[in-house]
Amino acid sequence: QPGRAPLVYIVPGLGAHRLARPAIALAELVHKNGFSAVCVSSAYNSEFMEHASTAAMPGHLPVEGHDLHVALTEIDRRLRALYPGRLGEKALMGYSMGAFHSLFVAATELTDGLPLIKFDRYVALNTPVRMAYGVSKLDAFYRAPLEWPCAERTGHIENTFMKVAALSKSSGTPHTSLPFSAIESKFLIGLTFRLILRDVIFSSQRRNHQGTLQHPVRNGRRIPVYEEILQYSYQDYFEKLVVPYYQARGMDRPTTEALETAGDLRTYEAGLRANPNIRIIVNQNDFLLADEDLLWLRATFAPETLTVFEQGGHLGNLLNPEVQQSILRALTNRKPSQGAPLARLRLRPARRVNDSWPL
């Protein structure tokens, strides 16, 4: 913004770059409503892994959450030096894995013990609750084609990719009905996240080769090692790479169970309950939320701080004007007992920001 304005830091989903279209679309939404906006890359993106992470690979929430908090502190310090007097109150808004990381920061901001940035508001969009459950769903989606008869499987997969190729040449809108069956949809989601995992593993092993991969890890001639990495599921990643990595670093109880506990928001319930500045927006039919996760969210957060939409899946309704208004209200409204609003802004009628929202 040209003058002093509240600032929103935006943290994207798993593996996403700071210029990912949903992140930019959210930045446009808040900017058009009076905020300044800053986007950062996911802790699972190679940019963050290679320039801001203190670990060779993500997978341990206390480490990557702390690294994100430190990175945001440094960015904020630099921006305030570059634009003195222009940056007002601060909000941290994340979607999907970015929401998960943002809630960790919210839960630990008072107990960290370091002079790190404090936020006046935390907004979590479509957050998972348990990392282990979320990645198990991604693995299951990638295996969805196994539901097809073996003799027909290759043909169905090829037909799915032909549909994708045809759609890429069309001028569909965010309201276009997609021609995919349930199995095809699951497979495409699972494949997308499997490719993200491939990049995570490649980046981590290029900087800290653990000797697990048989092919050389180098920038040139990546196809052989890519093909090997694509055999790794998210479960394999944690069991064969993350756990041994933290064992070698001397982490107490470096087991899969310990990592699962650390990657569960319920572990940080006390800190989350103690922070009145958290706002959460989720969808009841989000495939990353089990019924017990939604029950926990309802039991942990007051009704005025938790918004649950019946439909929308995972990030599928961000184009909805009602959802956009909910996001803007989450950034601006506070209960009267909590002092002045984050920003006294007139919310403009929600409209389509661009065509980049996930379908």
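pLDDT is the predictor's confidence in each residue, from 0 to 100. Every view below comes from a predicted model, in which local features need pLDDT of at least 70 and side-chain atom pairs count only at pLDDT 80 or more, while totals for chains, interfaces and linings use all residues. Residues are numbered from 1 along each chain as its sequence is written, and side-chain values use heavy atoms, with hydrogens and water left out.

View 1. The chain has a mean pLDDT of 90, and 89% of its residues reach 70 or more. Over residues 334-341 pLDDT stays under 50, and the model has 13 contacts for them beyond four places in sequence; contact here means heavy atoms within 4.5 Å. Residues 344-359 also stay under 50, with 46 contacts beyond four places in sequence. Where pLDDT is low, the predicted coordinates should not be read in detail.

View 2. Strands (E, at least two residues) and helices (H or I, at least four) are DSSP runs, numbered from the N terminus, and two strands pair if DSSP finds at least two bridges between them.

**View 3. The pairing of S1 with S2.** Strand S1 (residues 5-11) pairs with S2 in the parallel sense over 4 bridges. For a handy landmark, look for Val-8, whose bridge partner in S2 is Ala-37.

**View 4. Helix H5 against helix H7.** The axes of H5 (residues 131-142) and H7 (residues 182-207) come within 7 Å and cross at roughly 120°. Axes are lines fitted to C-alpha atoms, for helices over the stretch in contact, and angles run from 0 to 180 degrees between N-to-C directions. The angle makes H5 oblique to H7; under 35 degrees counts as roughly parallel, over 145 as roughly antiparallel, 65 to 115 as roughly perpendicular and the rest as oblique. Leu-138, Asp-139, Phe-141 and Tyr-142 in H5 meet H7 residues including Lys-186, Phe-187 and Arg-194.

**View 5. Helix H7 beside helix H9.** H7 and H9 (residues 234-248) have axes that come within 10 Å and cross at roughly 20°, which makes H7 roughly parallel to H9. On the H9 side, Tyr-234, Tyr-237 and Leu-241 meet H7 residues, among them Phe-193, Leu-197 and Gln-205.

**View 6. Helix H5 across helix H9.** These two helices pack at an angle of about 125°, with their axes 8 Å apart, which makes H5 oblique to H9. Met-131, Val-135, Leu-138 and Asp-139 of H5 make the contact with Tyr-234, Gln-235 and Phe-238 of H9.
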